[in-house]
Amino acid sequence: MPERVDFSANAKIYDHRHGAVISDQLAQALATRLPRGATIIDIGAGTGRVSVSLAGKGFQVVAVDPAVPMLQTMKQKSAAPLWAVAAEGSRLPFRRNSADSVVLARLLYLVADWQRLLREAKEILKPGGILFHEWGNGDASEAWVQVRERARSLFQEAGIEIPFHPGARSEGEVDSCLRDLGFLRRDQIEAGAGPAITLADFLNMIQSGELSYVWNVPKEVQDSCLPQLRCWCEGKFDVHQPAPVPADLSWVVYENAG
Ligand SMILES: C[S@@+](CC[C@H](N)C(=O)[O-])C[C@H]1O[C@@H](n2cnc3c(N)ncnc32)[C@H](O)[C@@H]1O
């Protein structure tokens, strides 16, 4: 498994599934927790779903991502000025105590050295600075997560040690690491549910390569495992019943207290 999951080939279709920008209501909720004109570092910013919205609210936003095509898509979307930096989140090219806020959205499950990334985030945040975390990768109770984890098991049984998502495995793990680093959990902003899709659609998205689950799985392994996955899924769930993916989205607001 490479050190990071490369989203470069996903730049043109990413917004179709995740939305181009966050809602104005959510952007406003984030904004009210920050000082006016705050400097925000959005790590793993992707196509700027969050960065573009916050830049539009007058913040000084620096979007960091190693996948340059994602950043290029972001630049095309933003009417407000914002800065793009191609870098790994665990090796940030910024001074200590230089940011008022750090954004981590839908990222930490993708990064093998996610604890190091959190240490870097703490280094660049000012004392009292705000870290926003959106997990966005579902909960073990959700059917689509069970299908994803079944896919992981099948790929592993076929010899792929870490087929996808080499990073954090749960939001609880992230929360515990942040507390150990001296962050205080201040608040939570509810952002509703993800888009409703059927498991049949979800399986098709896995098979077509739209989702990162197969990007590091050789074709012959996919060809043997994905029919088994579909069969398992059809035996366990109603694959034609739409459900939100994920069921809940929320943003946790942490303060750099240590
Ligand atoms: C699922 S997307 C999330 C994008 C954006 N944060 C959002 O919420 O829409 C994950 C992004 O993290 C980036 N990424 C992957 N590994 C990374 C790393 N080690 N450091 C920083 N960004 C990384 C990917 O290139 C991709 O753009």
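Buried residues are those with under 20% relative accessible area. The model shown in these views is predicted.

**View 1. Helix 8 and its cover.** Helix 8 spans residues 199–208. Its buried residues are Leu 199, Ala 200, Phe 202, Leu 203, Met 205 and Ile 206. In an α-helix there are 3.6 residues a turn, so residues three or four places apart point the same way. Several elements cover the buried residues of helix 8, including helix 1, helix 6 (143–157), strand 7 (196–197) and helix 9 (219–236). Just after helix 8 comes Gly 209, with a positive phi of about 85°.

**View 2. The largest nonpolar core.** This core holds 36 residues. Ile 43, Val 102, Leu 104, Leu 108, Leu 118 and Leu 131 touch the most other members. At least two residues each come from strand 1 (39–43), strand 2 (60–64), strand 4 (99–105), helix 5 (114–124), strand 5 (125–134), helix 7 (171–180) and strand 9 (250–256). Helix 5 gives the largest share, 5 residues.

**View 3. Contacts of Ile 43.** Neighbours within four places in sequence are left aside here. Ile 43 is then in contact with Val 64, Gly 89 and Leu 92, among others. Its partners also include Val 102, Val 103, Leu 104 and Leu 107. Leu 117 and Ala 121 are on the list too.

View 4. A nitrogen atom of the ligand lies 2.7 Å from a backbone N or O atom of Gly 44. In the side chain of Asp 65, an N or O atom is 2.7 Å from an oxygen atom of the ligand. A polar backbone atom of Ala 105 is 2.9 Å from a nitrogen atom of the ligand. On its own, the ligand has 600 Å² of accessible area, and the protein covers 99% of this.

**View 5. Arg 4, ahead of helix 1.** Arg 4 sits in the segment before helix 1 (14–18). Its relative accessible area is 26%, so Arg 4 is partly exposed. Not counting residues up to four places away in sequence, Arg 4 touches Pro 66, Ala 67 and Glu 88. Arg 148 is 144 residues from Arg 4 in sequence. In space, the two are 19 Å apart, C-alpha to C-alpha.

Key: Residues numbered from 1 in each chain as written. Predicted model: local features only at pLDDT ≥ 70, side-chain atom pairs only at ≥ 80, totals over all residues. Heavy atoms only, no water. Core = buried A, V, L, I, M, F, W, Y, C linked by side-chain atoms within 4.5 Å. Buried < 20%, exposed > 50% of the residue type's maximum accessible area, 1.4 Å probe, protein only. Helix = DSSP H or I, 4+ residues; strand = E, 2+ residues; numbered from the N terminus. Contact = heavy atoms within 4.5 Å. Polar contact = N/O pair within 3.5 Å; in protein donor to acceptor, adjacent residues only side chain to side chain. Areas by Shrake-Rupley, 256 points an atom, 1.4 Å probe, with all protein chains shown as cover.
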